[in-house]
Structure formats: structure tokens, C-alpha cells
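The stops below are given in the order in which they may be selected.

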Amino acid sequence: MSTPRLCSECGSALPESSRDGLCPRCLIGLALDAEQKTKVVSPPQNHISDLIGRVFGNYQLIEQIGQGGMGVVYKARQGNLNRMVALKLMLSGPQATAAEVERFLREATAAATLQHPNVVAIHEVGQHEGQHYFSMDYIEGQNLAQVIRRTPLAAERAARYVKTTAEAVQYAHQRGILHRDLKPANVLMDAHDQPRITDFGLAKQIEIDSELTLSGAVLGTPSYMPPEQAAGRRKEVSPASDVYSLGAILYDALTGRPPFQADTPVDTMRQVLDAEPAPPRILNPKVPRDLETICLKCLAKEPNRRFQTAQELADDLARFLKGEPIKARPIGRVARLWRWCRRNPGMAGLTATTTAFAVALGVSAVLFRAELINKNRNMAPLLATKMSNHLYQVSQPLLEVAQTDEFQTMVRAADTNRLFAYLERETSRLTANLGIRAEVENWVVMDLKGATLARVPLPDREPIMNRSSRDYFLGARRLTNAPQGTVHFSRLYKSKDDDKFKFGISAVVRENRSAEAKPIGIVTLMINTGSAEKNLGLNFPGQSIVLLAPPDPEDKDQGLRHADTNDYFVFFHPGLGNGGQVAGPVNVTRLLRRGWYRDPVVGGPVLTGVSVVSGTPYLLVIQSPDWVGLLSGVCLLLGAILSALFGLRWLVHWNKRKRETASSF
């Protein structure tokens with residue numbers, strides 16, 4: 001019996017295809033570290049900018065239009081033909097190594113062999129004053145990533161783009177070229193709204209098994225990279241690998257995000273290797289089922305389960321566009337269960353010993369729970385964007401007040417009485433337009449030293465006169481050089497005026513409306529914590545939304561005690577009343593790692609999706625009750641008990657048969 005091979009880094013068992021004594025996960029980390037260490041330092045920025053407007057050989061450089069890891073691209077005018085082209089120069093200039101030059105020229109050579117209307121054509125390859133370059137078509141427009149941004153495309157439009165791109169990729173494959181870095185940013189949209197493929201920097205001849213990188217290095221963009229490429233299995237990279245990337249582009253166009261996306265490239269590639277993409281219809285219910293089926297077939301982990309050629313993909317997309325039946329078939333539940341069992345052999349072995357009822361119910365519950373977690377995680381960024389937009393809408397009365405000539409005059413004169421009368425008269429009108437309940441708001445005007453000039457409404461007790469240590473003042477004070485219209489969202493604090501928990505939105509008051517005007521004060525809109533629907537006028541039908549905020553450091557002894565900087569407090573929750581309440585603290589590090597937590601307001605376990613609210617220090621949590629997890633736990637416990645009982649019964653029966661056999665001799 002042969003001794004199993006083990007990873008020299010983590011000790012796990014090695015598959016037969018692994019190289020260099022490392023498992024795929026460790027190989028990813030090693031390749032990324034090596035690529036970082038050998039990365040060529042980019043020339044100083046002034047070197048790049050100095051070329052703008054200059055003549056480079058036969059080209060006059062007009063502006064920089066792109067930059068990647070290997071080269072920089074300029075819009076240029078070709079003198080002898082008087083036409084606009086895109087000119088790509090090596091980023092490291094004359095100091096480029098032989099390997100870098102060879103890879104740069106390989107890109108030009110690969111693209112130059114392709115003469116297709118949907119491939120950016122190469123015009124000239126050359127060298128000037130030691131600087132290698134090549135010129136190509138200049139495409140006036142955006143790339144597909146800019147077209148998509150965060151708004152999904154209509155299904156027919158996305159299918160049309162990917163179909164045309166797939167036909168161009170098939171053309172390249174027929175001429176022995178694999179692209180290996182297909183992504184929306186490398187698909188340019190021309191004036192006729194037609195996609196055109198560019199950037200063949202990682203292109204490879206299908207017949208040639210050579211690389212111009214370190215052994216085992218991982219090439220490509222993680223979010224659009226097929227698993228065999230992410231694991232460094234170069235011999236398995238084939239036309240089906242480019243088909244995977246086309247499927248990832250289609251996924252991005254339909255949902256507004258790539259199929260896999262994490263905080264770091266390593267985590268993203270681990271998802272590429274181990275996780276299944278969320279079906280596009282979860283993120284965008286408008287996606288037709290047939291188009292989702294085509295997309296998921298492209299994203300299969302095993303290359304033999306994908307479309308084997310780009311033309312097969314283009315043909316199925318053509319059938320979809322014509323309303324004809326497609327050839328791709330959705331993955332059935334049995335196939336999904338088998339894949340899950342292959343990734344979790346220990347759990348699969350345990351559940352296989354239970355009764356058919358417990359296995360079916362338990363596995364169904366686990367799969368449904370995982371789907372719910374993925375749904376929450378995918379929905380969190382979308383809802384966080386809505387929350388960010390709404391918070392900026394809430395800040396509009398503040399900006400309107402801060403930019404009013406009358407108000408600026410009163411702040412400049414520190415006229416407390418007029419400021420009080422102005423805010424009392426104007427704020428109710430401004431906030432009523434946004435549907436915010438005026439009784440949960442306070443307005444405070446301060447000078448640049450933090451001294452209180454006015455507060456509306458007046459508190460029952462003596463108001464705090466100096467607020468210079470508060471985050472809502474300090475954060476706004478740092479915005480004195482920021483453009484007009486910039487606001488600061490403060491950390492959570494407990495008001496010393498009325499003992500209610502609040503957060504502040506602050507803006508700088510200037511001498512006049514000019515962006516260069518001198519700052520003369522700060523105005524803050526203070527909003528009580530509680531329910532987002534009641535206090536912010538915001539409602540998410542069918543979703544349970546919670547907001548977490550870090551505490552103001554000044555409030556450690558004011559009811560916001562916390563162990564470390566990872567502790568946040570729940571300050572908006574459907575279960576909180578309208579009166580400045582909070583709950584917690586919640587350790588956000590554990591929350592992000594687990595994907596669930598015990599709700600400090602209602603007390604029960606919930607499944608979560610977490611995202612940062614852009615432009616603020618707040619975290620948005622979308623959560624669902626974890627009754628599915630409870631059900632699955634009960635089913636697995638029942639299965640374990642039944643397994644133990646059947647195992648004990650089998651052991652008793654085996655011993656009985658053993659004694660009967662022994663007594664027969």
C-alpha cells in the first residue's frame with residue numbers, strides 16, 4: 001500500500017494533480033506571495049505624467065486612458081496616418097527585464113494574429129529609445145465593467161453582449177489562442193454598442209505548455225478565474241477555462257457583481273475553489289430561468305460539465321435570444337447533493353447512517369439555511385447602498401441650512417438669539433419634506449472651537465456649552481478643507497443634554513457659498529436611536545434591518561462600555577423603541593466570521609449578511625430567524641440517536657451470531 005502524499009505546509013492530503021508538495025490552497029498563498037515579491041516597482045508618477053503632450057516616435061501622446069500591472073495605455077495620434085490609436089507602453093520602461101519584454105511582446109503577438117471585428121486590432125509593434133510599445137484601435141467609449149457598474153443589465157442585452165464576445169473568443173481558440181483573463185474591464189464597448197476584446201497579456205498558445213512566470217504562479221483576476229487556473233493546474237487550462245470566465249462576465253452583467261467576491265484575493269480564490277455561486281435569480285429575480293441555467297453551466301467547477309467550446313455557449317445564447325429551447329439543463333437537487341457530499345465526506349458519511357426521513361429532512365434544512373445565508377450576504381451590500389443614499393437624503397436639510405446666507409451671517413456674528421429663532425422656524429419645514437419625525441431631532445450650532453452657539457429644542461437641563469471632544473464636532477472639524485456638500489456621520493454617543501443615545505450628522509458652515517470660503521462654524525443634526533422606520537423614515541418591506549455603530553470614545557463611562565475596538569452597538573433595530581435606546585455590545589469580528597449572532601434585542605439566534613454603509617462608520621446587518629438551523633440540528637441529533645441505536649442493535653446481533661457460530665462446532 002503506497003503512503004499518501006501530504007502537503008508540506010498544512011499537512012492535508014494531496015490530490016494526484018498537485019505539484020511541488022503543496023495543496024491548492026497553500027499553492028495559492030505561495031504564488032501570491034511570490035508574485036508580490038517579484039513585482040516590478042512602477043516608475044514614479046511624474047515620469048508617466050511627463051509623457052502627456054509629448055511626441056513618442058510617430059505618436060503624440062494625448063492622455064492616459066488606462067494602466068495595468070504590466071503596461072500603461074495612452075490615447076495618441078499617429079502622425080503619418082493622422083488617426084487616433086491606443087498606444088501601450090511597458091510600465092517599467094527601458095528598465096524592463098527580458099521576461100517582462102517577452103510577456104509584453106507575447107501580448108502584442110497574440111492579438112496581432114487575430115483579425116476579428118470584435119477583437120481590438122493591433123496596428124504596429126516596435127521600440128523607441130529603449131521603450132517597447134504597440135499601437136491598437138482606439139475605442140471611444142467605456143468598457144463593460146463601467147457599463148455594468150452596480151446596475152444589472154437587461155437579460156437580452158447581457159445575453160447579446162456575451163454571445164458576441166463568445167464568438168470572438170471562439171475565433172481566438174480556433175487560432176490556438178487562450179485569453180485567460182476575460183473580465184468586464186477587458187471588454188470594450190465601441191460606438192456601435194458592440195463588445196471588443198482587449199488585453200491579451202495572459203494569452204497562451206494552446207499547443208505550447210510554457211509560462212513566463214514563477215513555477216506555480218496564479219495568473220488572472222480572481223473573481224473571474226476558473227478553479228483549475230486558481231489552483232495553478234496549468235495542464236488543465238483549456239478553452240473551457242475561457243468559457244468559465246465568459247459565464248462570470250454574464251453573471252456580473254445580470255446581477256451587478258461577480259460570482260465570487262471577498263475581502264482579499266486569497267479568500268476570493270478559496271471561494272472559487274470550494275464554494276458554489278449563488279443562483280443569479282436570488283440576486284436579481286428578473287433573470288430568466290433559461291439564462292440562469294446557461295450562466296451556471298459555464299460556472300461549473302469541473303471543466304467537463306461546462307460548454308466545451310465558446311461556440312456552444314454562443315449557440316445556446318442565440319437560442320435564448322430567439323425564444324427557442326436551450327440545450328443546457330439546470331443542475332438537479334441530486335447532483336447538488338452529490339457535490340456537497342464530495343466536499344463534506346465526513347458529514348456525508350454520518351448522515352448516510354441515519355434513516356431516510358432524517359437524512360432527507362436534515363440535508364434539505366442545511367441546504368436551505370446555506371441558501372438563506374448566501375441570500376442575506378448578497379443582499380447586504382444592496383441594502384447598505386440604499387441606506388447610505390437615504391442617510392445622505394436625511395442630511396439635505398442640514399446642508400440647506402449651512403449654505404443659507406442668512407444662517408451664515410448669524411453664525412459669523414455668533415448671534416445666539418437669532419440662530420435659535422431661525423432653527424426653530426426653519427427646521428420643522430425642512431424635515432417635514434423628508435418625512436422625519438421632528439420630535440426626535442436636535443440641532444446644535446458650534447463655533448470652530450466647539451463652543452455651543454445654539455441648540456434647538458432647548459433641553460430641560462442646562463445645555464452643554466463645550467462640545468470640542470465629541471466625535472460629531474471633531475469629525476466635522478476635519479472637513480474644513482473638504483468640498484461644499486460634504487457631511488460627517490458621527491459615532492454613537494449618549495447625549496449629556498437629555499441622556500438619550502444619538503448619532504450626529506455634521507456640516508461645516510462657511511462665510512459664503514464659495515467652496516474656498518473660510519469656515520466659521522459647524523452645525524449638527526442629532527437623531528435619536530431606535531427604529532429606522534420611525535426615526536429615519538425608512539422602511540425595508542420584508543427585511544429585518546439592523547444598524548451597528550462604534551461608540552464615541554468619550555462615552556466609555558456613559559453607558560457605552562466596551563472591551564475593545566471590535567465592539568459595536570445596535571442603535572437601529574425594529575425592536576427598539578422611539579427614545580434613544582441601544583443594545584449590545586456586539587463583537588463585529590465574530591459576526592463577520594460566523595455569519596450569525598444572537599440578536600441582543602430579541603435574544604434569539606439569527607442568520608446575517610453584513611455590509612459597510614458607505615461614507616459612514618456604520619454596519620448594516622440584514623438578518624433572518626435561524627429556525628432552519630434549529631430544525632436541522634434537531635434532525636441531525638435524531639439521526640445520530642437513531643444511528644447509535646441501529647449500531648448498538650447491529651453489534652448485539654453480530655455478537656449473538658458469533659456465539660451461535662462458535663457453539664455449532
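In which loop does Pro457 lie? Pro457 is found in the loop between β12 (452–456) and α18 (471–477); helices (H or I, at least four residues) and strands (E, at least two) are DSSP runs, numbered from the N terminus. Select Val456 together with Pro457: the peptide bond joining them is cis, with omega about -5°. Most residues other than glycine have a negative phi, and most peptide bonds are trans.

The model is a predicted one, in which local features need pLDDT of at least 70 and side-chain atom pairs count only at pLDDT 80 or more, while totals for chains, interfaces and linings use all residues. Residues are numbered from 1 along each chain as its sequence is written, and side-chain values use heavy atoms, with hydrogens and water left out.

**The whole chain**

Display the entire protein, which has 21 helices and 22 strands. Of its 665 residues, 48% count as buried (buried means under 20% relative accessible area, exposed over 50%, partly exposed in between, with a 1.4 Å probe and protein chains only). Among contacts between residues at least 6 apart in sequence, 61% join residues at least 24 apart, where contact means heavy atoms within 4.5 Å.

**The six-stranded sheet**

Select the open sheet of six strands, whose order is β1-β2-β3-β4-β6-β5 with antiparallel pairing; two strands pair if DSSP finds at least two bridges between them. Its edge strands are β1 (55–56) and β5 (122–128), each of which pairs on one side only. Within the sheet, β2 (residues 59–67) and β3 (residues 71–78) are joined in the antiparallel sense by seven bridges. Gly66 has Val73 of β3 as its bridge partner.

Then centre on Glu129, in the loop between β5 and β6. Glu129 is not a glycine, yet has a positive phi of about 50°, and is exposed, with a relative accessible area of 70%. Asp193 lies in the loop between β8 (187–189) and β9 (195–197) and is partly exposed, at a relative accessible area of 28%.

Select α5 (residues 155–174) and α7 (residues 239–255), whose axes come within 10 Å and cross at roughly 160°. The two helices are therefore roughly antiparallel to each other (angles over 145 degrees count as such). Show the side chains at their contact: those of α5 include Val162, Ala166 and Val169, and those of α7 include Leu246, Ile249 and Leu250. By class, this contact has 12 nonpolar, two polar and one charged residues (Ala, Val, Leu, Ile, Met, Phe, Trp, Tyr, Cys and Pro count as nonpolar, Asp, Glu, Lys and Arg as charged, and the others, Gly among them, as polar).

How many of the 10 residues of helix α10 (residues 289–298) are buried? Seven are, so α10 is largely enclosed by the rest of the structure. The buried residues are Leu291, Glu292, Thr293, Ile294, Cys295, Leu296 and Cys298, and what covers them includes α5, α7, α9 (280–283) and α11 (310–322).

Keep α10 and α11 in view: their axes come within 10 Å and cross at roughly 170°. That makes α10 roughly antiparallel to α11. Asp290, Leu291, Ile294 and Cys298 in α10 meet Leu313, Asp316, Leu317 and Phe320 in α11.

Select β20 (residues 596–598) and β21 (residues 605–612), which run antiparallel and are joined by three bridges. Six residues lie between them in a hairpin, and Gly603 in the turn has a positive phi of about 90°. Tyr597 has Val606 of β21 as its bridge partner, and Val606 also stands opposite Pro625 in β22. β21 pairs with β22 (residues 619–625) in the antiparallel sense over seven bridges. In the hairpin of β21 and β22, Gly615 takes a positive phi near 80°.

Finally, select Leu383 in helix α14 (residues 356–394). Leu383 is buried, with a relative accessible area of 3%. The C-alpha atoms of Leu383 and Val613 are separated by 8.8 Å, although these residues are 230 residues apart along the chain.

Technical notes:
Axes are lines fitted to C-alpha atoms, for helices over the stretch in contact, and angles run from 0 to 180 degrees between N-to-C directions. Angles under 35 degrees count as roughly parallel, over 145 as roughly antiparallel, 65 to 115 as roughly perpendicular and the rest as oblique.
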